[in-house]
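Please keep the sequence and the model open while reading.

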Amino acid sequence: MTDASPGFACAPGFACAKVNLHLHVTGRRADGYHLLDSLVVFPPVGDTLSLAPAAGLSLAVDGPFAPALSGEGDNLVLRAAARFAAHAGRAPEAAFRLVKTLPVASGIGGGSADAAAALRLLAARWNLPIPPDLALALGADVPVCLARRPVRMSGIGEILAPAPALPEFGLVLVNPGVAVSTPAIFRARAGEFSPQADLPPAWPTAGRMAADLARLGNDLQAPAIALAPVIADVLAAIAAADSCLLARMSGSGATCFGLFPDAEAARRAAAGLARDGWWCWGGAGQMAPAQG
C-alpha cells in the first residue's frame, strides 16, 4: 500500500489515519472521561468517503475491511450526517459510499476519521461551517480528525494546540488483525496518572524527535498487551526493522507504529514486516501541508 497522492489526500472525503506519537493519561473527570495528552500526526493513508444526492440517507461500504462493518446500522458516518442535517435544518439526503481501507477498532481513529469526512463533505455541499460541539458529541477523536494536521491534543480530545514543528520522517503502521476494546483497555490501566509531556518548539531531525518521544510513552500500551499479547510481537518486529528509530502502540491499539528517518526507509520496512493476517503500511509520516 502506498501513500495517497497529495491532491487525493487533501480531498474532503479522505479519512486519514490518526497516529498518537505519545499518549499520556493525565487524569479523570467526574463523569468518568479520561483526560489525555498526545502528539497526533496524520499520515497519507486512510479510508475514502464520497456522497451523491439521494432521496434519503444511506451508506454503502466496500474495501478490504468492509466485512468488519457489516450489519452495523448506526455507523458514525450516518450519525454524523443525521446530526449535522438536524443542526442545519436540512433533510439528510445523501448516499454515502465508504471504501474501508483502515482496520476497524485499531487505535488509529478510523471510525472518527470517517465521521469527520462526512462532516467535511456535507459542509462543502451546503456551504456551512461545522459546529465544533457537534464534532465532539460524535466522539472524542472526531475534532482532531477534522483537523487532519499535526496537533497537540488534550482534555478528552477537544483541546487542540499547535504541534512542534516536525522534521521529515517516515512512519510504519502494523495491525495484527486483532480488534481491542477501548473501554476494556482503560479499565485495565493501573497506576498513577502521567504528567503532560514537555515538548520542544521544533525538532531538527527525525532522530532527535524519536529520542525525545522515547522518553515519553503510551499509557495504554501495557494494558493493551495484557489483553492482546500479540501487540508485543508487533512492537518487537517493528523495532527490529532496519533504521527503526522508535516503536510504539498508537491510541488504545492494536495498531503499532515505527518512526523512520524518511518515507523510503519506512516503505522498505513495511514490505519486510508483511505477515499473514497483518495489515502493514509505510510511507511519509504526515500529509502535505496544504489540506482541507
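Buried means under 20% relative accessible area, exposed means over 50%, and partly exposed lies in between. The model discussed here is predicted.

**Cysteines**

- A disulfide needs two cysteine sulfur atoms within 2.5 Å. By this rule the count is zero.
- Cys-145 is in no disulfide. The nearest cysteine sulfur belongs to Cys-16 and is 7.3 Å away. Because the cut-off is 2.5 Å, that distance does not qualify as a disulfide.
- Cys-145 has a relative accessible area of 2%, so Cys-145 is buried.
- Cys-280 is in no disulfide either. The nearest cysteine sulfur is that of Cys-256, at 11 Å.
- Cys-280 has a relative accessible area of 16%. Buried means under 20%, so Cys-280 is buried.

**Salt bridges: the count**

- How many salt bridges does a search of the whole structure find? The search finds eight.
- Side chains of opposite charge can pair when their charged atoms come close.

**Asp-47 and Lys-100**

- Where do the two partners lie? Asp-47 is in strand 4, residues 46–52. Lys-100 is in the loop between strand 6 (94–99) and helix 3 (110–126).
- The partners are 53 residues apart in sequence, so the pair ties together separate parts of the sequence.
- Asp-47 is buried, at 0% relative accessibility. Lys-100 is buried as well, with a relative accessible area of 3%.
- Salt bridges that share partners join Asp-47, Lys-100 and Asp-114 into one network.

**Asp-31 and Arg-29**

- Asp-31 and Arg-29 form a salt bridge through their side chains, with an N to O distance of 2.6 Å.
- Asp-31 has 48% relative accessibility and counts as partly exposed. Arg-29, at 33%, also counts as partly exposed.

**Asp-212 and Arg-215**

- A salt bridge links the side chains of Asp-212 and Arg-215, at 2.2 Å from N to O.
- Is Arg-215 buried or exposed? Its relative accessible area is 65%, and exposed means over 50%, so Arg-215 is exposed.

Definitions and conventions:
Residues numbered from 1 in each chain as written. Predicted model: local features only at pLDDT ≥ 70, side-chain atom pairs only at ≥ 80, totals over all residues. Heavy atoms only, no water. Buried < 20%, exposed > 50% of the residue type's maximum accessible area, 1.4 Å probe, protein only. Salt bridge = Lys/Arg side-chain N within 4 Å of Asp/Glu carboxyl O. Helix = DSSP H or I, 4+ residues; strand = E, 2+ residues; numbered from the N terminus.
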